[in-house]
Amino acid sequence: MAVRTLKRILITLMGVAGVTLVLGALFLLSKMVQKSDDFDRLQDVILATNIAGGVILLLILIGNLWRLFHDYRESVPGAKLKARMVGMFVGLAVLPLIVVFYFSVQFINRGIDSWFNVQVEEGLDNALTLSRAAIEFRKRLHLQAITQIAQKLAVVPDSQLVFELSMLRRESGANEMTLYGNNNRVLATSSDSAGSFPKPLAEEVSLQMRQNRPFVSLEPLSTGSAEIRTAMAFIYRGNRLRESRTVQAHFPVDERLGNMINSVENSYSEYQRLVFFREDLKDLLTITLTFVLLLSLLTAIYGAFVLSRRLVAPIQDLVAGTRAVAMGNFDTRLPTPSRDEIGFLISSFNDMTQRLATARREATLSQALVEAERTNLEVILARLSTGVLALESDLKIRNANQAAGSILGVNLENSAGESIREVAKGVPLLEQFVDVACMHLDAGETEWREQIVLRGEVGRRVLTCACTTLPGDEDNAAGYVIVFDDITALLQAQRDAAWGEVARRLAHEIKNPLTPIQLSAERMRRKYLGTMDEEEAQILDRATHTIVQQVEAMKEMVNAFSDYARAPDMDISRFDLDKLAHEVVDLYRAQESGVEIVLTSDPTMSLVEGDMGRVRQILHNLIRNAVEALEGTPHGRIDVQIAAAEIDEVEMVQLRVEDNGPGFKAGSVSQIFDPYVTTKPKGTGLGLAIVKKLVEEHVGTISAQNRSDGGAMISIRLPLNEAAREMMIARAPRRADKRREQA
Amino acid sequence: MSQSANIQRTKLSRRFSIALAAVLLFGTGLAQEKIEREGYFEVRSASTQATGGVHALDARLQLVLSSEALAALESGVTLTIEMQVQVIRVRRFLVDSVDAELAVRHELEYRPLSQRYIVKNLNSGDQDSFATLYSALNNLGRVQALPVIDDELLLPDREYRLRLRAMLNTQQYPAALRLLFFWRGQWQLQSEWFEWPLER
């Protein structure tokens, strides 16, 4: 930008310099016309100045023309308008100039020619002829006089020459008279001015005398007057030498006649000089005029460029600004050149761009706010444990949060725009969900609420769903939003609480009467067994034995329920889990149940912080459960794996018990941790329920599943230490999500 | 009448051509118009003689006027013929210096009434008239015993050179005409410098 401004200033300065130089040259020329003494000295300067000025102007114009041509070809905004304006200005300037030039040249030629009149010329010629005639008459008179004087002097003795010559001079009226002898030697002279020395004979006079011809001539004098000089050669007869002598006399021209002759001669000469310089004068004036015309033309064209540039510049700015606005740059502000219509247009343009910029800023701000709201909503939805699924009216997925995918067992976040039916193919949970949803939507129910039970490979999942319609047109809904929550864990907790209550009531209501029943049966046996006959005694013995036995069984059962319901305080200590596991496993190996128990543990694992009694019970329950499950199974094998693991930056202990038994029944995996659910004929159904309770008391996680190659697997994760336990407590909500993902 | 009009048109077109040529010359800064000159000035011989301690110049010049200068003379235009004499001191290590300069100007004029050519020495005011141009130019071209410089004014034991040239001086004409003469070679009559050592 700065370079362009500098270049423009430079070109303007060059233009001004060019015009100044040429004007300066013209001024010098004009001064020289008035005072020509310095012309020789300054003519080179004038010439150089002219050439420099002309060349500068010419270069600028060529540069301007080239740029205009280039802009025109490149369709630069404003170039066509500029070309038209330049053409118009040049036309307006050139045509009058040429007309003025033509008529000026005509006027000069005719004006100068009018100075020279044929009659004047003839008059001058006649005057000159008359003057010559008058002079010729006088010359003839003086020639006659000198002839007579020569004849007289031809016989005058030398001794009287001076006297006779003076007398003859006075008689003839001559100013000066000189007699020359051989070799132009002055023999005698007489003059009316004393002290003047006679001049030697001029060459032409001598030549004419040698040819024996008289000489007569009108001699202009340096004083401005004239005289008639005559000379005559004669043979001197005053002695015997007969030498040739010449007498020369200067006759003055009458003053009045001399003035008239001078006037005629000067007028004639002046007129002749004018005639001689007439063509030169015309040429000179024509050249000067042409030069001025050329300067005017160059200046006019240069002025046309400057003017057109000034006029077009705001329009070019406007075009550039419009293009900038079209490209989205609303911050464009154009300088207001003046207060005319173009200035008003540019001012309006500036107002428009300012308003556009303000509107865009507000729109951007609104968009940013919407985006922020949307981001917040997305964050909320992402953090929400409730699944949210937004559908278009044609059941294409508009949006779904992470929880929705986790609950339904498929990633829905990247499936926006796809049909929910297509996405559901091959995904059992989602398939069931879509079936239920479609059932309602196809029936025209747009607002519905239902609890759905989905059955998957890892168990059943209970969802509460609520669907609502997104506002749209009057007739068509814009879409649907289905909000659903996995309440499986909630229901499980409710069940756990109910079973706990049942256990407490059993312990309280059933266990208390059992002891009197047992004591009463034993008392009856002791009191009446001896008194009865053998047959009745046998009956009583069997009956009381059965009562005591069943009461014992019931006591065991009630104790088990009591254990389940009981929640003593945790006794946290540091213990060696590896050692504990070996103890428990060795106990079961010692029972020789025919089941191979393989323990894989990490000896380097650090000590575990937890309730050692509860962990021992967990191991007992799991291994016993597995041993009982493997009864009747040939080559039964139990794998117990204990390892340290860092899961989500939390130090955990992972305990896994696998067997190659029949596994869990299909569909019952999710219920195996419920009390009184068992697949064994002898089980109380509290083993795994207690394990689950103990694990949860350690803020751990437990899961069960069937192995792909047969058998069951129960996996437990316990925090390694107190810090890990605290972290697990803090992450309880996320852990719930994680559980869903694992499910 | 038509012939007169034709002549006018011819003159006009000629004038335009001249103007165009002049503009081109102004614009392009070309060298001066090169026209074959009919006239020339030439110094044939020159020498000095010391007489009474004054170095006097004897020279012979050939002055031939160009046809345009001749026509101007016949039309009553006074021609000024200038002879420039310079006394140059020869210097060994520096540029030679012009210690003295003498310009002798003569006016040559034709008087239509007497039909004689007048030669006037502008320095002395002496005037001679001649019946022919030849005799007038011959007289002009013969310089005899023209005092140039007193030997007393020259540095002793120094070497001097003299040089002489003749030229047609146009200074007395109006500048506008001289500007025109500048482009016309026939008015550029000037001899080369004629140099010779000064004998002391």
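At what angle do helix α4 and helix α5 of chain A pack? Select residues 118-153 and 161-172 of chain A to find out. The angle is about 160°, and the axes are 11 Å apart.

**Before you go on**

This is a predicted model, in which local features need pLDDT of at least 70, side-chain atom pairs count only at pLDDT 80 or more, and totals for chains, interfaces and linings use all residues. Residues are numbered from 1 along each chain as its sequence is written, while chains are lettered from A and ligands numbered from 1 in the order in which they are written.

Helices (H or I, at least four residues) and strands (E, at least two) are DSSP runs, numbered from the N terminus. Axes are lines fitted to C-alpha atoms, for helices over the stretch in contact, and angles run from 0 to 180 degrees between N-to-C directions.

**Stop 1: α4 and α5, chain A**

Stay with this pair. Its angle makes α4(A) roughly antiparallel to α5(A). The scale is this: under 35 degrees is roughly parallel, over 145 roughly antiparallel, 65 to 115 roughly perpendicular, and the rest oblique. The crossing of α4(A) and α5(A) is right-handed. A crossing is right-handed if the near helix is turned clockwise from the far one by less than a right angle, and left-handed if anticlockwise.

Now show side chains. From α4(A), pick A:Ala145, A:Ile149, A:Lys152 and A:Leu153. From α5(A), pick A:Glu164, A:Leu168 and A:Ser172. These residues make the contact (two residues are in contact if their C-beta atoms, placed from the backbone, lie within 7 Å). By class, the contact has four nonpolar, one polar and two charged residues. Here Ala, Val, Leu, Ile, Met, Phe, Trp, Tyr, Cys and Pro count as nonpolar, Asp, Glu, Lys and Arg as charged, and the others, Gly among them, as polar.

**Stop 2: α7 and α8, chain A**

Select residues 255-326 for α7 and 341-383 for α8, both in chain A. They pack at about 15°, with axes 11 Å apart. That makes α7(A) roughly parallel to α8(A). Their crossing is left-handed.

Which residues of α7(A) meet α8(A)? They are A:Pro314, A:Leu318, A:Gly321 and A:Val325. On the α8(A) side, color A:Ile342, A:Leu345, A:Ile346, A:Phe349, A:Thr353 and A:Leu356. By class, this contact has eight nonpolar, two polar and no charged residues.

**Stop 3: the five-stranded sheet, chain A**

Go to the open sheet with the order β12-β14-β15-β17-β16 in chain A. Its pairing is mixed (two strands pair if DSSP finds at least two bridges between them). The edge strands are β12 (596-600) and β16 (701-706), and each pairs on one side only. Neighbouring strands are turned by 15° against each other on average, direction ignored.

Zoom in on β14 (637-647) and β15 (650-659) of chain A. Ten bridges pair them in the antiparallel sense. Pick A:Glu646; its bridge partner in β15(A) is A:Glu651. Then pick A:Asp639, whose partner in β15(A) is A:Glu658.

Step across to β17(A). Seven bridges join β15(A) to β17(A), and the two run antiparallel. A:Val657 stands opposite A:Ile714 in β17(A).

α14 (577-590) of chain A lies across β12, β14 and β15, running at about 175° to β12(A). α17 (722-730) of chain A lies across β15 and β17 (712-719), running at about 85° to β15(A).

**Stop 4: chain B**

Chain B has four helices and nine strands. From the N terminus on, they run α-β-β-α-β-β-β-β-α-β-β-α-β.

Find the open sheet β1-β2-β7 of chain B, with antiparallel pairing. β1 (40-51) and β7 (142-150) are the edge strands. The twist averages 25° from one strand to the next. Eleven bridges pair β1(B) with β2 (54-64) of chain B in the antiparallel sense. Pick B:Ala50; its bridge partner in β2(B) is B:His55.

**Last stop: whole chains**

Show both chains. Chain A has 18 helices and 17 strands. Of its 743 residues, 27% are buried. A residue is buried if 20 or more other C-beta atoms lie within 10 Å of its own, exposed if 12 or fewer, and partly exposed in between, with C-beta atoms placed from the backbone. In chain B, 30% of the 200 residues count as buried.
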